[in-house]
Every structure is written in structure tokens, then in C-alpha cells.
Amino acid sequence: MNLFQKIGVPLAAIVVFLILWELLVWANGWPDYVMASPSDLPKAYSKFWNLFLIGSWQTLWRTVAGLMIAVLFGTLLGMIMGFSRIARDALYPLLVGFNAIPKATLVPVLALLFIGQHNFNTVMMAFMISFFPIAVSVGIGLSTLEPEYRDILRSLGASRYTIFTKIALPKTLPEFFGALKVAVTLAFIGTNLVEIVSPHGRGLGALFLSAQTNSNYPLMFAVLIALAVLGIILYYAVVYLERTFAGWAERPAT
Amino acid sequence: MTSNLIEIKGVTHAYKTPHGPLPVLENLDVTVPEGEFCAVVGPSGCGKSTLTRLVAGLMKPDKGEVWLHGELVKGPRKTVGMAFQNPVLLEWRTILQNVILPLEIVAPSMPKKDREARALELLALVGLSGFENKRPSELSGGMRQRASLCRAIVHKPDVLIMDEPFGALDAFTREDLWQTMHDLREKEPFTCVLITHDLRESVFLGDQVIVLSGRPATTQFILDVKYPGERVIDGLYTPECSDMLHTLREQIQIAQGRVPEAAE
């Protein structure tokens, strides 16, 4: 029953979604260049399966690499902002301003800075677009730590480092994972942005672009679905990590 | 022989605020002999919590000195235990791991088995046997506070400092915990400073009750508690306790800047 609920119900929802999509296209009588239907997709996948495999791998590893840098940088930045009021006051406007810049405008900047470094540019973009929520949530988590939590260890003469590892760090984990879930999706957007916009791109974004150039509309939709699947996989990878490291924050259902 | 464990001599302290200094303690003297239970009562915001932070070495006073065991307090010391109104248990640890926490810092070389044995012994004393592997979120407020008390004394501190530890509990649970606290001290004697707003609590637990004046606080009155008979809750309903409570209430009213009702 439990397993059925966990896997069966979401699976059923996906099937229902596909059926509704098929019906929508069928009822409107749309040709595949307006909107492809799910039944067009298997053809696209079987014909270009090798491109899908290569593209997915390229998109995936660059997203994950960017995300890892974002986690390191974001956590560090969040720690600085969480522990120092001055740093927080100084960095916040800068951060918010940087986050407000549409990242598409940074693609040419990156491309000119590091000409031809396609992998590097893509990873950088995934990183830049996704570190913000991590930095903010870690910062807030640390700065809102109740003083009593610090006092129980400080009154014993514990060092700042001990207080950080024993209390501050584990206490911010739930916020950190919440932010990471947002960051995963953002990092995907960053990767695909570069893949689609920059010439001679790689990954699923480039496959999408070439499908568009060749007017292969079912292939375009097939790429979108592949991206969605990758997104789901990464998201649940984060959920798995969250359960492992911050499972205590989850209350049993009542 | 009783030596003075805590000596607070002429302590004056003010907080810096945007509107200038806010004096909270003025020329405060408190002496607590070893093994005694000192309850501190006073009007809201009179600087009682500041007092706990000074004794714990978390703050330095502007003027005056705090002595613990004949040593001048200059910073945090390992020989202090603290408990607050909020039990501040770490949600990612089990109750047992929470109680062990101070030992990890004070006695890092102590074998895990010994630490756990010590924690389990205390948990049994406060009636939490069988809950050691639960998470704090699975326990009631009173049980969490019991665990918090265990954590505060697990490393056998010289002095336990409590800042309204029972303030957030309902009246019945509170009385249960007074009894627990008392029984705990019978088995493991330690010197205690208790900040409270509850006069009955101060009389039931305290050997002396110090009434602080309104801000800036100084010692206004010291009551030597002569508890009638054994320390059981029933004793609070005797005439002797009634008289003591009455005296304390009068003193609090004076501290609040009011004329005591009895004098009207």
C-alpha cells in the first residue's frame, strides 16, 4: 500500500497527464508543428537515441558541476553573511543586484571573456544562476540561531568552530536543502541557456536548437521531456540527500 | 564547613543602546555558599538574565567582580551548567545524545560507554528511562525540560544556573519538576542559581531567596527559607510558607515601585 502510494500514484498522475495532452492535440486537430503529441515522441527517441544519451550526459554533468560550485560558494558566502553583520549589510545589495540581472544577458559576456571554453562557460552559468538561494538561506539560518543554542556550548568554553560544527551547521541543514531544491532547477536553466544561445553548443539544449533549425517539431518536444526527466532525477537526488542528512526535520505524518 | 561558591561583589552593568546606556545592575552583591540553592526573584526586565550570563562568564561586568570557587571569572568555564526557559534541545540528536553533548566538549577523552552510562543514570533519575532514543520532537514540554536539566548537570558542574526553566510549563507539570529538581539535588548535590518569577517555586526550592529591586537592580531583600518539615509540595500550604510568600510579595511590590497592600 505504502509503496503503491509512493510510486504508483505519481506514475498514474503522469499517465493521466500524457493522456490529457494527447487528447488536447487530437481534439484541436493540431498538426505536429503547432504542438506534438506524446505519440509522436517514441519515434523521435528511437531515431536519435544516441544524441539523446550524449546530450543528456553533457547537460547533466555540467549542471551538477555548476551546482557543486554553487553549493561551495553559496555556503561560504552564507556563512560570512550569517556571522558578520557588517558583511551582511555590505553584500546584500550587491547580491540582490546581481541576482536581478537576467542571466541571458551574461551569456555574451561569458562567451567573450572565455572564448571557446564552452564547458567552462556552461558550468559558470549554472553556478551563477543557482548560488543565490543557497547563500541567502544559509545566511538567514545562521543569523537567526537563537542565542541560547550558542550559550549552552559557549558557557562550557567551546570554540566558535565547535559551536559551528555541533550546532549552527546541522541546524541550518533543512533550510540549506530547501534552497538546494530551488537551486537544482535554476542550475538547469543556466546550463540550457548557454547550450541553446551559444553557437556550436552541446548537450540537450543544442539538440533542441538543431531540431528547431531542421523543423523537427516532435524532436523539440522530445528534448523538453528529456529535460523534464533529468530535472526530476536531480531533484529526487537532492530529496534523497535531504532524507539522509536532515531526515530528523521531517515529522511523522499525523 | 561552608565556603562561598559564588561571590558577586559590587557588580554594575549597563547595556549600550541607541538611546544611550541602559543600566541594568547597580552595585549588586550576592553570595551563595557551596551547596546552597539561591533563588532570585524581581520585577520583569530588572536584569535577572544578565546576572546569569555574568555568573556563566558569558559577559563581563562594567564594574565589580564575579568569583567562582575563589577564582575570578574572566570567561566561560567548564564547571558551569545552564538551563533556560526554552529547553534548546538539538532536534537532530536523540535525547541520549543531547544529554551527552556537554561531555563531548568538557571531557572529549571520556569513553563513549561511560558517557552514555552517566547520561542514562541521570535520565533514570528524572523519570525519562526508555525515552533515551526518542527525538526531542516526540516528547512533551515537561519531558523536554527534564532532559534539558540532565544535560545541564551531566558534566557535574559546580554550579547550575537556571533562567526560568519551568516558566513555560503548566502548573501541574511545574510542580512535578520542582519535586524532580529537589530529588535530583538530594542525590547529586550542586550549587544552584535559579531565576524565577514564581514565588512559590522560589520558596519550595530555595535556601535563600534574593529579591532584586527594579532596574537598575540591586539586592533589595534576602529571605532565608525555613521550610517547614520535608520539602514536599504540601508544605507550601502551611502558615510558615504563607508568611514567607507574603513577605516576598510585599518586597516585589516595593521593587515594582508600588506601596505594599499591607501598608495601605
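The model is predicted.

**Overall form of chain B**

- Chain B contains 7 helices and 10 strands.
- Its radius of gyration is 19 Å, close to the 18 Å given by the globule rule for 264 residues, so chain B is as compact as a globular protein of that length.
- The C-alpha trace of chain B spans about 60 × 45 × 45 Å along its principal axes.
- Buried residues make up 40% of the 264 residues of chain B.
- Among the contacts in chain B with a separation of 6 or more, 72% are between residues 24 or more positions apart.

**Helix H4 of chain B**

- Helix H4 covers residues 141-153; at 1.5 Å a residue its 13 residues should span 18 Å, and the end C-alpha atoms are 19 Å apart, which agrees.
- Because 11 of the 13 residues of H4(B) are buried, this helix is largely enclosed by the rest of the structure.
- The buried residues of H4(B) include B:Arg144, B:Arg146 and B:Arg151, together with B:Leu149, B:Cys150 and B:Ile153.
- B:Gly142, B:Gln145, B:Ala147, B:Ser148 and B:Ala152 are also buried in H4(B).

**Strand E3 of chain B**

- Strand E3 of chain B (residues 37-41) has 5 of its 5 residues buried, so it is largely enclosed by the rest of the structure.
- From E3(B), B:Phe37, B:Ala39 and B:Val41 point one way, whereas B:Cys38 and B:Val40 point the other way; all are buried.
- E3(B) pairs in the parallel sense with strand E8 (residues 191-195) of chain B over 4 bridges, and B:Val40 stands opposite B:Ile195 in E8(B).
- E3(B) also runs parallel to strand E9 (residues 208-212) of chain B, to which 4 bridges join it; here B:Val40 stands opposite B:Ile210 in E9(B).

**Contact with chain A**

- In the contact between the chains, 19 residues of chain B meet 17 residues of chain A.
- Strand E6 (80-84) and helix H2 (95-106) of chain B are the elements that give two or more residues to the side of chain B that touches chain A.
- That side of chain B has 12 nonpolar, 3 polar and 4 charged residues.

Conventions. Residues numbered from 1 in each chain as written. Chains lettered and ligands numbered in written order. Predicted model: local features only at pLDDT ≥ 70, side-chain atom pairs only at ≥ 80, totals over all residues. Contact = placed C-beta atoms within 7 Å. Nonpolar A, V, L, I, M, F, W, Y, C, P; charged D, E, K, R; others polar. Expected span 1.5 Å × (residues − 1). Buried ≥ 20, exposed ≤ 12 C-beta atoms within 10 Å, placed from the backbone. Rg over C-alpha atoms; globule rule 2.2 N^0.38 Å. Pairing = 2+ DSSP bridges.
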